[in-house]
Amino acid sequence: MSERDGDGADAERDRAATVDAIVDVVADSAEDIRSGLVGRRGKAGRENPSGEVQAEADVYADDLLEERLSAIDGVAEYASEERADVIDCGGSAADPDAVAVAVDPLDGSSNLEPNNTMGTVFAVYDEPLPAPGTSIVVSGWVLYGPITTMALARDGTVTKYELSGDEPTVVEEDVTIPDDPLVYGFGGRVPDWPDDFADFARAVESDPSHKLRYGGAMIGDVNQVLTYGGIFAYPALDGSPRGKLRLQFEGNPIGHLVETAGGRSSDGSRSLLSVEPNELHDRVPLHVGTAELIDRLEATLE
Ligand SMILES: O=P(O)(O)OC[C@H]1O[C@](O)(COP(=O)(O)O)[C@@H](O)[C@@H]1O
Ligand SMILES: [Mg+2]
Ligand SMILES: [Mg+2]
């Protein structure tokens, strides 16, 4: 037992304080990440563990978050899409008063060059990484749009904030995803979609009440789905049956937040939160949105 442990109630309190500190650091770092994009829109000249060429801003945001998050008392592990291994920050995420943090420091970094939307995604797990989404304590994302905003899922409820001043400003509490779907966005090259997913996509597109929204940054696209109702997917592809997006850093946090808002997530047959990870950088076919559309998707892919 670490010195921080004490009895169960103390451990709970310590963990809650750690989670508060993590959320504060992510919110406080948003402006530094945003301003740090200037002058870092080029390539860093090396690949991340998923084999993608890193942008200078990917490395910058990862280094900044690693330094700040790993310094928090009670953070036992830091892991990110941009580094191969989990960073051991001291203690164990299996302890009742400690957690692990997993981060996609800059989501949609291919949008740096054309200056379009990007985000930061994070999840706090109460188990050592890689861990299933059922062990997430808090999930959230920062969206660098015209305004910097944050969505946070904690204690069974989703809250949206603006991050413009010294303190985050609550703009919406108890956020729920609308039941009537309006927007959809599907990643991957259309010729690479498996036939069953293509059938589903055609059905969604042919509904006159649905509109296409695809910006090339998952967070921007998913935030529209959370706002208007609908579906975002980066499906399994012919030649890439696990799709593109990563379970620990993208699928789990997004699935946790959308499900907390009353929506659904799926890998094609079950909740993303039920997918058991094998490795830190596992990919997963990702579908999130209004429950009825995810039900229909799963019925089509059966
Ligand atoms: O360029 P594509 O194939 O449309 O992929 C876009 C998808 O890839 C991502 O950019 C992957 O995220 P990273 O930028 O964090 O690697 C998603 O945000 C987005 O939905
Ligand atoms: Mg990403
Ligand atoms: Mg990224």
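Predicted model: local features only at pLDDT ≥ 70, side-chain atom pairs only at ≥ 80, totals over all residues.
## Basis of the model

Residues are numbered from 1 along each chain as its sequence is written, chains are lettered from A and ligands numbered from 1 in the order in which they are written. Local features need pLDDT of at least 70, side-chain atom pairs count only at pLDDT 80 or more, and totals for chains, interfaces and linings use all residues, while side-chain values use heavy atoms, with hydrogens and water left out.

## Magnesium site

Asp104 (OD), Asp107 (OD) and Glu250 (OE) coordinate the magnesium ion (ligand 2) at 1.8 to 2.1 Å, where donors are N, O and S atoms within 2.8 Å of the metal (3.2 Å for Na, K and Ca) and the site may look incomplete because water is not among the atoms. Asp107 belongs to strand β5 (residues 99–107) and Glu250 to helix α5 (residues 247–260), so the pair ties together parts that are 143 residues apart in sequence; helices (H or I, at least four residues) and strands (E, at least two) are DSSP runs, numbered from the N terminus.

Asp104 also coordinates the magnesium ion (ligand 3), which is 3.8 Å from the magnesium ion (ligand 2). Both Asp107 and Glu250 are buried, that is, under 20% relative accessible area, with exposed over 50% and partly exposed in between (1.4 Å probe, protein chains only).

## Helix α5

In α5, 12 of the 14 residues are buried, among them Glu250, Ile254 and His256. Just after this helix, Gly262 adopts a positive phi of about 90°.
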